[in-house]
Amino acid sequence: MRAPVLVFKKLPANGMAVFPFILVKQKMDKKNPLLINHEKIHLRQQLELLIFPFYIIYLANYLINLLVYKQHHLAYMKIVFEQEAYDNEKDLAYLKNNNWFGWIKYVKALKLP
């Protein structure tokens with residue numbers, strides 16, 4: 001998957017996928033293969049959900065997690081889309097291996113405290 005990578009210095013994170021772009025905070029991040037792969041996984045997720053519903057589900061998942069875990073970082077890490085991206089960012093062939101809708105297994109594995 002090819003995606004334009006743009007530097008946006010005021011980005012609140014090191015990287016962010018906003019279809020069809022990957023935004024990075026620093027120019028050197030453009031050469032970080034794990035960060036770019038992580039964000040490409042998010043672009044695939046956005047395509048799977050026809051883009052706009054991804055953002056709604058992402059935000060809803062985060063807000064529910066925040067109510068449950070009461071910590072920003074843990075709520076963020078428990079977002080099903082982030083779980084798929086973090087678990088597979090080191091596998092640079094992950095997207096080429098046709099792992100469509102890989103985030104669904106994280107929904108099925110949800111265990112609320």
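Modeller: The buried residues of H2 are covered by elements including helix H1 (33-48), helix H3 (72-77) and H4. Please note that this is a predicted model.

Biologist: Which residues of H2 are buried?

Modeller: They are Phe54, Asn61, Tyr62, Asn65 and Tyr69. These residues lie on the same side of H2, because they cover an arc of only 100° around the axis.

Biologist: And what is exposed on the face turned away from that buried side?

Modeller: That face of H2 carries the exposed residues Phe52 and Leu67.

Biologist: How many residues does H2 have, and how far does it reach?

Modeller: Helix H2 (residues 52-69) has 18 residues and spans 26 Å from its first C-alpha to its last, close to the 26 Å expected. Just after H2, lysine 70 adopts a positive phi of about 60°.

Biologist: What is phi at isoleucine 51?

Modeller: Phi there is near 70°, a positive value in a residue other than glycine. Isoleucine 51 sits in the loop between H1 and H2, and its relative accessible area of 28% makes it partly exposed.

Biologist: Changing topic, is the peptide bond from phenylalanine 19 to proline 20 cis or trans?

Modeller: That bond is cis, with omega near 5°. Proline 20 belongs to the loop between strand E2 (15-18) and strand E3 (21-24).

Biologist: Which residues form the nonpolar patch on the surface?

Modeller: Met1, Phe19, Leu47, Trp100, Phe101 and Ile104 form it, with about 500 Å² of accessible area together. Tryptophan 100 is partly exposed, at 43% relative accessible area, and is placed in the loop between helix H4 (80-88) and helix H5 (104-108).

Definitions and conventions: Residues numbered from 1 in each chain as written. Predicted model: local features only at pLDDT ≥ 70, side-chain atom pairs only at ≥ 80, totals over all residues. Heavy atoms only, no water. Patch = residues over 30% accessible without salt bridge, like charges linked within 9 Å, V, L, I, M, F, W, Y side chains within 5 Å. Areas by Shrake-Rupley, 256 points an atom, 1.4 Å probe, with all protein chains shown as cover. Salt bridge = Lys/Arg side-chain N within 4 Å of Asp/Glu carboxyl O. Helix = DSSP H or I, 4+ residues; strand = E, 2+ residues; numbered from the N terminus. Buried < 20%, exposed > 50% of the residue type's maximum accessible area, 1.4 Å probe, protein only. Expected span 1.5 Å × (residues − 1). Arc of directions from axis to C-beta. Contact = heavy atoms within 4.5 Å.
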